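I opened this notebook to record what I looked up in one structure. The entries follow the order of my questions.

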Amino acid sequence: MVIEIKDGKQVREERERAAQALAHAAAHESAKEPEIAQSSPAAVPESVARDAAEGGGAKDAVVPDPFGKENYQRMKSLLKERVSPKRFAHSKGVAKTARKLARAYGYPDPAQARMAGLVHDWDKRYVGAEASARADELGVDVPESVKTSMPWLLHGPTGAEALRRQFPELGEAVFQAVARHTSGAKDMTDLDMIVFVADLIEPGRTFQDVGAVRDEVGKVPLEDLFFQAFKTIFSFLVQHDRLLHPDMVEIWNHYAVRRPGAHKGRLSSTPDPKLNE
Ligand SMILES: [Fe+2]
Ligand SMILES: [Fe+2]
C-alpha cells in the first residue's frame, strides 16, 4: 500500500487548479454548443439524456470546490431524487464513514472520500435487465457473464461512467472508487479501499461479521482492513451459495499472498500439508 502524503496546502492548490481547468473547459464547451446541437440525437443514450435533464454537471455550473460543502449538498439533493429512502440513508452513512476512515488513515483529502462515499450507489436504481441495458448504453466494459448473471454488480461501473459524463469535476479517483466498490480490484488505491470498506461497515449495516471489521478500524493498516472487508463479503457470498464476480478469486489470491506470515506454499499447486493431516 502506498500512501502519498500531501499537506492541506497542496490539496487546496490541486483543487484550485482543477477548478480553473473546469472553468476553462466549461467556457470552451459553451462556445462549442452549436456544434453539439448539430450532432445526431441518437448519439446520446436515453438514460444518459435523462440523467442530464435531472441535474446538470460542469456545463451548467462551474463548481469552485467539487468536494466542498456547497457541492456536497447539491449532489446529496440529486442523489435523493434517484434512490430509495433506505439507499439514501445508506449512502449518507457511507459518506460519513469514508470521511472517518480517511481521517483515521491520514488520507490527504477526507472531503473527496466523503463525496466518493456519497455517490458510490449512484446507479443502484437500475436492476436486472435494466442494469445490463444501462451497461450497454454507457459502453461499460464488463464481462458478459456479469451482465447476464450478476447484473446487481453493474451499478458500480455504470454509476462511475454516468458520473464521469455528468460531473467530470469529481475526477477519476472518485470514478474509479465508485466503479470498484462492488467487487474490488487487484490494485486498489487508498480511496478505493476506503469506499469499499465504508460501504460494508457504515452504521446502517447490521449483518454478521461487520462488527469485527469495524473493530479493526485504526488498529490495522488500511490494506489489512480492506482484506478483512473483502473476506467478509467473499465468505458471505460462498456461504449463501451466491455467484462470485470472475475477478474475485484473483483479487483474493493477490491480497492473500501479501499477508504478513502468508504460508509460501499456500497459493502454489502443492497442497498445504496441514490439509492432509
Ligand atoms: Fe453498491
Ligand atoms: Fe452501497
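Is Asp 241 buried or exposed? I found Asp 241 to be exposed, because 6 other C-beta atoms lie within 10 Å. The scale I used calls a residue buried if 20 or more other C-beta atoms lie within 10 Å of its own, exposed if 12 or fewer, and partly exposed in between, with C-beta atoms placed from the backbone. I located Asp 241 in the loop between α13 and α14 (248–256). I also noted that Asp 241 has a positive phi of about 55° although it is not a glycine.

Basis of the entries. I am working from a predicted model, in which local features need pLDDT of at least 70 and side-chain atom pairs count only at pLDDT 80 or more, while totals for chains, interfaces and linings use all residues. Residues are numbered from 1 along each chain as its sequence is written, and chains are lettered from A and ligands numbered from 1 in the order in which they are written.

Overall make-up. I recorded 14 helices and zero strands in the protein. Helices (H or I, at least four residues) and strands (E, at least two) are DSSP runs, numbered from the N terminus. Of the 277 residues in the protein, 35% are buried. I then looked up contacts, two residues being in contact if their C-beta atoms, placed from the backbone, lie within 7 Å. Among contacts between residues at least 6 apart in sequence, 64% join residues at least 24 apart.

The nonpolar core. I take a nonpolar core to be a set of buried Ala, Val, Leu, Ile, Met, Phe, Trp, Tyr and Cys residues joined through C-beta atoms within 7 Å. The largest such core has 54 residues, of which Ala 98, Ala 116, Val 178, Ile 194, Val 197 and Phe 226 touch the most other members. At least two residues of this core come from each of α4, α5, α6, α7, α9, α10, α11 and α13. Helix α11 contributes the most, with nine residues.

Covered helices. How many of the ten residues of α6 are buried? I counted nine, and α6 is thus listed as mostly covered. Among the buried residues of α6 are Gln 112, Arg 114 and Gly 117. The elements covering them include α4, α5 (85–104), α9, α10 and α11. Helix α10 (residues 172–180) is also mostly covered, with seven of its nine residues buried. The buried residues of α10 include Phe 175, Gln 176 and Arg 180, and they pack against α6, α9 (155–166) and α11 (190–201).

Helix pairs. I fitted axes as lines to C-alpha atoms, for helices over the stretch in contact, with angles running from 0 to 180 degrees between N-to-C directions. Helix α4 (residues 69–80) and helix α6 (residues 110–119) pack at about 10°, their axes 10 Å apart. They are therefore roughly parallel to each other. Angles under 35 degrees count as roughly parallel, over 145 as roughly antiparallel, 65 to 115 as roughly perpendicular and the rest as oblique. In this contact Tyr 72, Met 75, Lys 76 and Leu 79 of α4 meet Arg 114, Met 115, Leu 118 and Val 119 of α6. By class, six of these residues are nonpolar, none is polar and two are charged. For the classes, Ala, Val, Leu, Ile, Met, Phe, Trp, Tyr, Cys and Pro count as nonpolar, Asp, Glu, Lys and Arg as charged, and the others, Gly among them, as polar.

Next I examined helix α7 (residues 128–138) and α9, which pack at about 40° with axes 10 Å apart. These two helices are therefore oblique to each other.

Two partly exposed residues. I placed Val 83 in the loop between α4 and α5. Val 83 counts as partly exposed because it has 17 C-beta neighbours inside 10 Å. Val 83 and Asp 123 are 40 residues apart in sequence and 8.2 Å apart in space, C-alpha to C-alpha. Thr 232 sits in helix α13 (residues 222–239) and, with 19 C-beta neighbours inside 10 Å, is also partly exposed. Beyond its neighbours within four places in sequence, Thr 232 is in contact with Leu 200, Asp 209, Val 210 and Val 213.
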